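Please keep the sequence and the structure in view while reading.

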Amino acid sequence: MSTDMQDTPRFGLHSFRAKFVLVVGGAVLFDLLMSGGLALWNVQRLSQDATSEVGAGLTTANQEYIRSYAESTASRVDLLLDRVHADVKTLAGVIQGQIDDPDRQKQVGATLANQAAASVNVVYDTKGQWAQNLPGAPSVVSVWGYLLGPDHKPLPAVQDEIENSAVLDLVAPSLLTSGSSKLQMYYIGPKERPIFRTAPYTDQAQTFDRLYPGHNNSEFWEFFFPGIYGSWQKWALDPASRFIPNNDITQTAPYTDAITGKLIVSFFHPLWTRDRTGVAGAAGADITLDQLAEIVENVKIAETGFGFLTMPNGNVVAINAKSEATIGLVSSNEQGTGGVTGLERSLRTSTQPAIATLDLDSSNDGAIQHVLLQKDGEDVPYIVVLKGLKPTNLWTTGPIEEQAMSVGIVVPEREIYAALFAAQDSISKATNRILLYQLLAIIVSLMIVFAAVFGLSKRITAGLSALAAGARRLQAKDYSVRVNIPSKDEVGEVGVAFNRMAEQISFHTENLEQLVDARTRDLEDANVEISTLNEKLRSENVRLGAELDVARQIQMMVLPKPRELALIPGIEIAAYMRPADEVGGDYYDVLQDGHRLKIGIGDVTGHGLESGVLMLMVQSVARALQETGEDNPRQFLDRLNRAIFKNLERTNSDKHLSLAFLDYEDERLVLSGQHEEVLVVRDGGKVERIDTLDLGLPVGLERDISPFVATRNIPFSSGDVIILHTDGVTEAEGTGGKLFGLDRLSESARSRYGSSAEEIKSGIVDDLMAYIGTRKIHDDITLVVMRHR
């Protein structure tokens, strides 16, 4: 049935009429924005030119001010150091004069020995096994154990050194009370007789015993300042090798003073033999970092600007605590390899990325560097200027080098450029006012245009409204609906097409039942096909499960058997492995070749079949290398890595693993490779933790890891126990998601010291499983216990 209809056009947010109004109005709006925007652009350009001119002048002036401030601060630090240098040179000059005139040296020494016995007579300490003069003298002289004879008295040449050095009592007290403030001044004998005389008197040797065990039986210079004496000897043999002409003073990096516990910097002046071909000892003085810190901590530039003093390697010597947090410094005191405890507070380990990558090159001396620092979750722009001090002979942990410390100035840009920002803000406000007036004009014009367009839209959109009404009736299943659109344009053509579509829908509705039957048959056929595919999928799952089970069995078959471990002489080894999935990614093995024993442990990234295959690769390559007689731990790990890397490259796998080996032969135990920390439980249940981070690199990550592989010898005596583990042990989760952790593992092992390796292993596993409870195990768990019988 046919029905002619004509609905009243509607106007809604989604109607064509509304869209028509918006499009036409938008075109007008675009035209208005173009004309208004051009005017606004001209205003903004003028404001930018003015800002640029003002900013250039203020920027140049402010940057010159910061540079000048950095230079003046650096000059103050140089002046302090020059004053210390002068006092050290004075003391060295007096002692050098004694060395150059032996007759006068003996006369002065004999006179002081007679009149100031407390300065030259030393008493043996049975506990410390060194000799030291009693309190009462202006200075303390310490004589180390290897400089004493069988009667516990100084050797004759050492006693002469004690008496000859007593001249320090005449000079040092006055130097300590004048000139720059110094913590102490001292004389250290030559390498053959390194007596240590220090003013004022302190409990010197007693403090060394507490802070530096073993020093009394070690050569003094190489124990505390390795490399410094050799550099001086080179200067004596080749004067042209000196870095700084006419300046032999050597400055140390900051370290903890054994006497006072304060952070200090030492200044040494080497003393020369009469013929100037050898080193006859050194005169020195110490100053505390407080004196250097006072200069930079008093830096006051802008509102919150501050200063700091840094070594050439980025280690910050002096800075106030608040500013330390601003540039993200992390402080720690670490025992140096040469005996003294150094201050480690480096720009390179800053939590602020911009500071960690700061350019410290001396060629940029005084250059302005712009950085972004994180503050309260925001990036704040700062200016940094580094000004180098005078070059100095610097000792850190090796041969002396020519280096120069730097004074740094840090100031927020918003403070140093406050005037510039104020001018920019004023210009910005004026520009915003012009923009506001322009927008108001556009809105008024737009309202006028929309009113005119709205009046015309009704006539234009009447045909579309009729189509929309017909479509709604068709949606309500009134298939008799027809529309009457008299216009001859595209809308009229759509009306004709709509009427034809309604006729076709009416026809198909009448034949719907036949269509439903046809579709039902199609669905039944599809259901049969889906059932067949499901059956195939179940078969495939069974096959894959069987393959995974075979892979797991193969993996467990290559692990060391208890009967193998029981045959190892002198060593008990017990191991436990539990994969998180059907196939694990952990590796351990015990390889024996005659008297040589190699224990390996590793952890492949991830777990599952691919990780398990990589574990089997490692086991095979390690076994092959052991059989070839490769006994160099570093070459062993390097060759294993090359083989694994090539396999991973061929298989296009992104897997790698942490891997470490323990080599045991003739009571020697050598650790190599990077893995989790190794625990050693010694006599009395004392637990020692050995970090392997610096002993290698993950295997399979790089083609050549030989530059990163290192070894470490581990004492392994009767009764000692070594615990190897993967992170599945320490990262197992307990109640509340807390990890089992290395402390719990250490305590579990310590509490079972004295038991067999099997008992220790079982006890640790029991503690671990009790901690995990019924929670899911997310990572492979591997534990190896090795006990010296």
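Which residue in β25 is the bridge partner of Leu 679? The partner is Arg 689. The model is a predicted one, in which local features need pLDDT of at least 70 and side-chain atom pairs count only at pLDDT 80 or more, while totals for chains, interfaces and linings use all residues. Residues are numbered from 1 along each chain as its sequence is written, and side-chain values use heavy atoms, with hydrogens and water left out.

**Overall content**

The protein holds 21 helices and 28 strands; helices (H or I, at least four residues) and strands (E, at least two) are DSSP runs, numbered from the N terminus. Of its 789 residues, 46% are buried. Buried means under 20% relative accessible area, exposed over 50%, and partly exposed in between (1.4 Å probe, protein chains only). Among contacts with a separation of 6 or more, 66% are between residues 24 or more positions apart, a contact being heavy atoms within 4.5 Å.

**The five-stranded sheet**

Five strands form an open sheet in the order β19-β28-β27-β24-β25, with antiparallel pairing. Its edge strands, β19 (571–578) and β25 (686–690), each pair on one side only. Direction ignored, neighbouring strands of this sheet are turned by 15° against each other on average; axes are lines fitted to C-alpha atoms, for helices over the stretch in contact, and angles run from 0 to 180 degrees between N-to-C directions. Two strands count as paired if DSSP finds at least two bridges between them.

Strand β24 (residues 678–682) is largely enclosed by the rest of the structure, because five of its five residues are buried. Val 678, Val 680 and Arg 682 are buried on one side, and Leu 679 and Val 681 on the other. In a regular strand the side chains alternate between the two faces of the sheet. β24 is joined to β25 by five antiparallel bridges and to β27 by three. Val 681 has Val 721 as its bridge partner in β27, and Val 721 in turn has Arg 787 as its partner in β28. The hairpin of β24 and β25 has three residues between the strands, and Gly 684 there takes a positive phi near 85°.

**Thr 250**

Thr 250 belongs to strand β6 (residues 250–252). Its relative accessibility is 0%, so Thr 250 counts as buried. The side chains of Thr 250 and Trp 232 make a polar contact at 3.1 Å; such a contact is a pair of N or O atoms within 3.5 Å, where within protein one must be able to donate a hydrogen and the other to accept it, and residues adjacent in sequence count only if both atoms are side-chain atoms. Not counting residues up to four places away in sequence, Thr 250 touches several residues, among them Trp 235, Phe 268 and Trp 395.

**Backbone and loops**

| Residue | Phi | Relative accessibility |
|---|---|---|
| Gln 129 | near 65° | 43%, partly exposed |
| Asn 246 | about 60° | 77%, exposed |

Gln 129 is in the loop between β1 (123–125) and β2 (130–132), and Asn 246 is in the loop between α7 (228–237) and β6. The peptide bond from Ala 199 to Pro 200 is cis, with omega near 5°, and Pro 200 is found in the loop between β5 and α5.
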